[in-house]
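Below is a short note for a colleague who is meeting this structure for the first time. Please read the points beside the sequence and the model.

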Amino acid sequence: MADLTTKIGTLTLKNPIMPASGTFSEELAEVFHLDTIGAHVTKTITRGKRAGNPMPRVCEVGGAMLNSIGIPSKGAEWFVKNVVPFYADYDAPLVISISANTADEFARFAEEVSVPGVAAIEVNISCPNIEDDGKAFAMRPGPTGDVIRKMRSATSLPLWAKLSPNTGEVVEVAQAAEAAGADALVTANTMLAMAIDSRTGCVRLGNIMGGLSGPALRPITLRMTYQCARAVAIPVIGCGGISAIDDVLEYLIAGARAVQVGTATFISPTTMPRLVRELEQALVGRGLPSVDALIGTVEVAYEAITLAEYA
Amino acid sequence: MSASLCVVPDSISAGAPRPPSIHEVGARIKSHEWVNGEYRLLVLDAPASILNCEPGQFFHLLCPQTDRFQPYLRRPMSIYSFDAARGTLSFLYKVAGAGTGALAELQPGATLNIVGPLGKGFEIRPEWQRPLLLARGVGLATLAPLARECARLDRPLTAVCSARSPELLMSTDLFRSYGAEVITVTDAEGNSGVESLTTLIERLIRSRGIDAFFTCGSARLMRMLQEMGARHGIVGQVALEQQMACGIGMCQACVRPFRRETGAVNLRVCREGPVFDLQEVL
């Protein structure tokens with residue numbers, strides 16, 4: 001037996017496997033028992049209703065997926081009344097993901113959804129699919145700090161800032177979120193991308209551009225996880241392209257205290273419970289007593305064998 | 001699409017944990033044959049846990065990676081037949097793109113990972129005593145389990161089957177074996193157009209007393225039945241196809257607009273469908 005629990009600030013998760021926002025919903029309860037996983041993270045909601053983006057909303061590109069769903073939402077009130085109670089039957093903490101257009105709206109929204117049953121708020125400041133040519137708060141430290149600071153004074157719930165890979169200032173953004181009062185970082189959202197059908201000349205997403213996810217994203221978000229874990233004291237949650245147990249281990253070794261599994265659940269809806277089982281086996285196999293014992297153990301020295309392969 | 005469209009359904013299933021009803025399993029391929037130049041019949045050995053299906057439901061297939069094709073997402077495929085007694089599940093599909101191209105390369109004995117059964121199937125209401133089925137192309141496969149269910153419920157069925165050419169008219173023998181009256185039309189014979197079919201179905205409504213429509217496989221024919229149904233006060237259901245990512249209801253990729261009392265709503269084809277009220281489709 002290995003101890004799979006992990007702490008994200010004040011929250012203790014029974015294991016470090018949780019869904020990435022947008023790839024999880026109540027329907028998954030028909031596939032496996034939802035208390036198998038460490039936390040429940042809802043699809044991002046907005047305060048008002050949103051229809052979402054035009055079709056097609058997804059396409060596949062060589063071992064990865066592009067999406068431009070566009071955050072369809074029934075609004076805050078509907079969500080609190082209808083979705084939050086669903087999760088009351090489970091022990092795993094409920095993390096709700098929210099998005100808004102301004103820092104002030106983020107703050108008001110955070111207050112509205114700080115209701116019993118909600119354990120933490122994931123702050124989606126990184127969705128590339130909404131407006132403004134793929135721009136997002138999390139591309140720059142200033143706007144990131146503004147959003148988190150205003151939310152911090154509006155709610156006492158833990159705030160998880162979901163960062164963006166579409167920035168050259170990863171560390172600065174991470175530190176701005178921490179300084180403004182974020183309790184954890186999620187690294188990261190999808191990467192802004194596009195695809196064209198060369199036969200027809202048409203773009204392959206209704207929204208022209210969309211977010212890249214799946215295994216192709218993993219080296220990028222793993223790198224961000226490593227950078228952020230070194231740069232901040234708050235927990236970092238790795239997210240991007242995880243489908244196999246080695247991917248989970250990679251993120252933990254890089255410094256993540258937990259991981260989110262996204263697109264892999266579309267490919268195999270039983271991915272998360274499988275990874276929980278395999279994580280226990282992997283730790284036991286390595287003679288490790290706990291998840292904690294693996295976190296942040298990355299070796300940065302070159303090994304001779306790596307060089308030998310290229311010699 | 002207006003910004004007022006709601007995108008999540010009004011009802012959410014009850015929260016209490018319950019045993020899984022959607023299963024991800026590896027199923028062994030029992031046989032896998034071409035039935036004509038375009039379609040293949042795939043028969044799987046399937047566990048009883050996944051064979052509690054409704055006509056019109058679908059499975060989500062993990063098509064293999066091959067030298068020629070590398071599909072990433074699963075492919076939704078409607079059930080052609082399910083038989084809990086024999087432990088078999090079959091799909092009749094058109095080899096069209098990367099997913100079905102890769103699937104077509106699988107040999108008997110290989111294992112195929114499938115998720116299901118998924119979606120909401122057909123509902124044959126008690127007052128629908130004399131249904132008519134109109135199927136085109138791959139819709140012939142989707143409607144096969146419905147024809148079997150009509151036979152089981154002892155509802156005399158008229159099946160109008162349409163295809164480009166006579167050799168692509170699949171499952172007509174199967175429909176006949178279920179006791180259905182089968183009428184075939186093809187583009188090659190020039191009797192599959194909306195005008196010819198309108199005349200034919202008007203005649204069937206009068207002579208057979210048709211009181212319900214079921215359709216799949218053609219947007220053009222669905223529109224035709226919507227119009228005829230509105231005119232004659234005949235209700236019905238349609239099975240829709242849509243590109244999907246998750247197939248379970250998480251991703252909201254497969255939504256389409258439908259007419260509801262409150263106005264237009266976006267519904268998920270994978271979850272609220274794939275079978276919908278014929279008149280609700282916008």
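1. Just after helix α4 of chain A, A:Gly181 adopts a positive phi of about 115°; helices here are DSSP runs of H or I with at least four residues, strands are runs of E with at least two, and both are numbered from the N terminus. This is a predicted model, in which local features need pLDDT of at least 70 and side-chain atom pairs count only at pLDDT 80 or more, while totals for chains, interfaces and linings use all residues. Residues are numbered from 1 along each chain as its sequence is written, and chains are lettered from A and ligands numbered from 1 in the order in which they are written.

2. Helix α4(A) itself spans residues 170-179, and its buried residues include A:Val170, A:Val173, A:Ala174 and A:Ala177 (buried means 20 or more other C-beta atoms within 10 Å, exposed 12 or fewer, partly exposed in between, with C-beta atoms placed from the backbone). An α-helix has 3.6 residues a turn, so residues three or four places apart point the same way. Among the elements covering the buried residues of α4(A) are α3 (141-152) and α5 (218-231) of chain A, where contact means C-beta atoms, placed from the backbone, within 7 Å.

3. In chain B, B:Thr186 lies in strand β10 (residues 181-186) and is partly exposed, with 17 other C-beta atoms within 10 Å. Leaving aside residues up to four places away in sequence, B:Thr186 touches several residues, including B:Ser162, B:Pro166 and B:Ser192.

4. The contact between the chains takes 43 residues from chain A and 34 residues from chain B. On the chain A side, β6(A) gives the largest share, 3 residues.

Notes: Contact = placed C-beta atoms within 7 Å.
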